[in-house]
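I opened the notebook to look up a few things in this chain. The entries follow in the order I made them.

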Amino acid sequence: MKLTSLALALAAGLTTAASATLASAQGMPSPHNDDPNLINISCYRGPFETVAWDRPNSVFVEDLVQIGYTRDQATVIGEQICRDEYGVRNPSHQIDQLRQILRDDPPGR
């Protein structure tokens, strides 16, 4: 099992990232720090190089729910980010894609 975590600290307007860090972890990252706008982009990759088993880990979905998306919306967003073949081993692409989603379809709409 390989887990990759990407923490994305979002600015107050949820439109630009203040900072980003990449970390590989064997266990799940802390679901929430003191910052309620922190989104952990965390995807299960599965054993293959191709996008086959990829899905969002619960911490990713929960962080999206915490900022205002419904569980269904958060699941769809997580799947879109995690199953994007251009995002595999490319965290900057994942961040860019999530930023675009937050701009185009902000939480609470």
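This is a predicted model: local features need pLDDT of at least 70, side-chain atom pairs count only at pLDDT 80 or more; totals for chains, interfaces and linings use all residues.

**Overall layout**

I listed the elements next. The chain has three helices and four strands. Along the sequence I read the pattern β-β-β-β-α-α-α. Of the 109 residues, 39% count as buried. I looked up the accessible surface as well: about 6,000 Å², with 52% belonging to carbon and sulfur atoms. Among contacts with a separation of 6 or more, residues 24 or more positions apart account for 57%.

**Strand E3**

How many residues of strand E3 are buried? I found seven of seven across residues 38-44, so I wrote the strand down as mostly covered under the 20% cut-off. I then sorted its residues by direction. Leu38, Asn40, Ser42 and Tyr44 point one way. Ile39, Ile41 and Cys43 point the other way. Both sets are buried.

I checked the pairing of E3 with strand E4, residues 55-56. The two run in the antiparallel sense over two bridges. Tyrosine 44 has arginine 55 in E4 as its bridge partner.

**Loops on either side of E3**

Asparagine 37 sits in the loop between strand E2 (17-25) and E3. I took its C-alpha distance to leucine 64: 9.0 Å in space, for 27 residues apart in sequence.

Glutamate 49 lies in the loop between E3 and E4. Is glutamate 49 buried or exposed? It is exposed, because its relative accessible area of 57% is over the 50% cut-off. I looked for its contacts, leaving out residues up to four places away in sequence, and found Val88 and Arg89.

I followed up on arginine 89. It is found in the loop between helix H2 (71-82) and H3. Arginine 89 is not a glycine, yet it has a positive phi of about 55°.

**Helix H3**

Helix H3 covers residues 91-104, 14 residues in total. From first C-alpha to last it reaches 20 Å, close to the 20 Å expected at 1.5 Å a residue. I noted its buried residues: His93, Gln94, Ile95, Leu98, Ile101 and Leu102.

**Salt bridges**

Side chains of opposite charge can pair when their charged atoms come close. I found three salt bridges in the structure.

- Arginine 45 pairs with aspartate 54, with the closest N and O atoms 2.2 Å apart. Both residues are buried.
- Glutamate 62 pairs with arginine 71, with the closest N and O atoms 2.6 Å apart. Glutamate 62 is partly exposed at 32% relative accessible area. Arginine 71 is partly exposed at 44%.
- Arginine 99 meets aspartate 96 at 3.5 Å, N to O. Both lie in helix H3, three residues apart, about one turn of the helix. Arginine 99 is partly exposed at 25% relative accessible area.

Notes: Residues are numbered from 1 along each chain as its sequence is written. Side-chain values use heavy atoms; hydrogens and water are left out. Buried means under 20% relative accessible area, exposed over 50%, partly exposed in between (1.4 Å probe, protein chains only). Two strands pair if DSSP finds at least two bridges between them. The expected span of a helix is 1.5 Å times one less than its number of residues. Contact means heavy atoms within 4.5 Å. Accessible areas come from the Shrake-Rupley method with a 1.4 Å probe; for residues, only the protein chains shown count as cover. A salt bridge is a side-chain nitrogen of Lys or Arg within 4 Å of a carboxyl oxygen of Asp or Glu.
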